[in-house]
Structures are given as C-alpha cells and as structure tokens.
Amino acid sequence: DGAATDNYVSIDAVLSGAMPASGAYDDQSGSVAYQGSWQQNTDLAFFDGTQSFSNQMGASASFLFSGTEVSYMYVANNNRGYARISIDGTVVTPQLDEFAPAREPEQVATYSGLTNGIHILTITVLGQHDGAATDNFISLDALVSLR
C-alpha cells in the first residue's frame, strides 16, 4: 500500500489444536491459558473440586471458545477484589466485584448475544478491591460456552 511507511506484519495470536466443544470447563482445563501468578486449591463446593485464584495485578486467564454465549463461574469471598472481563479484546465488564462477606461458590457472569464463531474470554486481576474486602484476589472456578 502506498500509504504504509514500512513492511511489518504483526501476529496477535496463533491458534492450534481442536476447538473446545460447547459445555463446561474446569479451571484446570487445557482450554484455559494462565498468565502471571495463579494458585489452586480444592474443595467439594467448587466445580470439579478445584478453583484457581490470583491477587497479582495484571495476571490473567484466557479461554478460547466457539459459540454465542459464555459464562464465567467464580467464588465470591471476603478477600476478593475486582476483575476486568474482556471478549475478543473488548472490555465487557470493566470492574466485576467478587467481594462477598462470606464464601459464596458458583457465582456466574454470563455474556450472550455473541456472533457464532471463535472468541477469547479474558479475565484480568485489577489489583484493587472494595473497601470491605481484605485483599485483591479473584477466582476462576469454571467456564461454560454455548453455541
């Protein structure tokens, strides 16, 4: 193109392997890619008995899925902070507050009305919390995609 000033090409992502089918995916699924420092713990109250959590600002978990709807399941608690939720790089929830006075498993944030196709849901630790919370942790219990 005559308006271009150089010959660079950028790659945003490389996708390989089979696309996950519709359904529920545990936080330990190979369909979830973690960046930064995350920990895991177990409890029968969690989906498939596990959850992942982080309080490291900027840490993220990304889920590659195909469909028109996705749900993010998390565990609210008194040490939870804010998460930013993005789909395909667009912020859909700038500040999801995961605080609760006591542990509340199976909290769900659902995002529907997506075009039927391949999407990436990203959950990012903001490193901030509500004044009543004791820390900035966010959790990932499971993800559910629908076509």
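This is a predicted model: local features need pLDDT of at least 70, side-chain atom pairs count only at pLDDT 80 or more; totals for chains, interfaces and linings use all residues.
## An all-strand chain

Residues are numbered from 1 along each chain as its sequence is written, and side-chain values use heavy atoms, with hydrogens and water left out.

Now for the chain as a whole. Of its 147 residues, 42% are buried, meaning under 20% relative accessible area, with exposed being over 50% and partly exposed in between (1.4 Å probe, protein chains only). The accessible surface is about 7900 Å², and carbon and sulfur atoms hold 48% of that; the areas come from the Shrake-Rupley method with a 1.4 Å probe, and for residues only the protein chains shown count as cover. Take the contacts (heavy atoms within 4.5 Å) between residues at least 6 apart in sequence: 74% of them join residues at least 24 apart.

On to the strands, which count as paired if DSSP finds at least two bridges between them. There's an open sheet of 4 strands, ordered β1-β12-β6-β9 with antiparallel pairing. Its edges are β1 (23-26) and β9, each of which pairs on one side only. From one strand to the next, the twist averages 20°, using axes that are lines fitted to C-alpha atoms (for helices over the stretch in contact) and angles that run from 0 to 180 degrees between N-to-C directions.

| Pair | Bridges | Residues opposite each other |
|---|---|---|
| β1 and β12 (142-146) | 4 bridges | glycine 23 and serine 145 |
| β7 (82-87) and β8 | 5 bridges | isoleucine 85 and threonine 93 |

The β7 and β8 hairpin has 2 residues between its strands, and aspartate 88 there takes a positive phi near 55°.

Finally, charges. The whole structure has 1 salt bridge, defined as a side-chain nitrogen of Lys or Arg within 4 Å of a carboxyl oxygen of Asp or Glu. Arginine 103 makes it with aspartate 43, and their closest N and O atoms are 2.9 Å apart. The partners sit 60 residues apart, arginine 103 in the loop between β8 (90-97) and β9 (104-111) and aspartate 43 in the loop between β3 (39-42) and β4 (50-54). Arginine 103 is partly exposed at a relative accessible area of 39%, and aspartate 43 is partly exposed too, at 27%.
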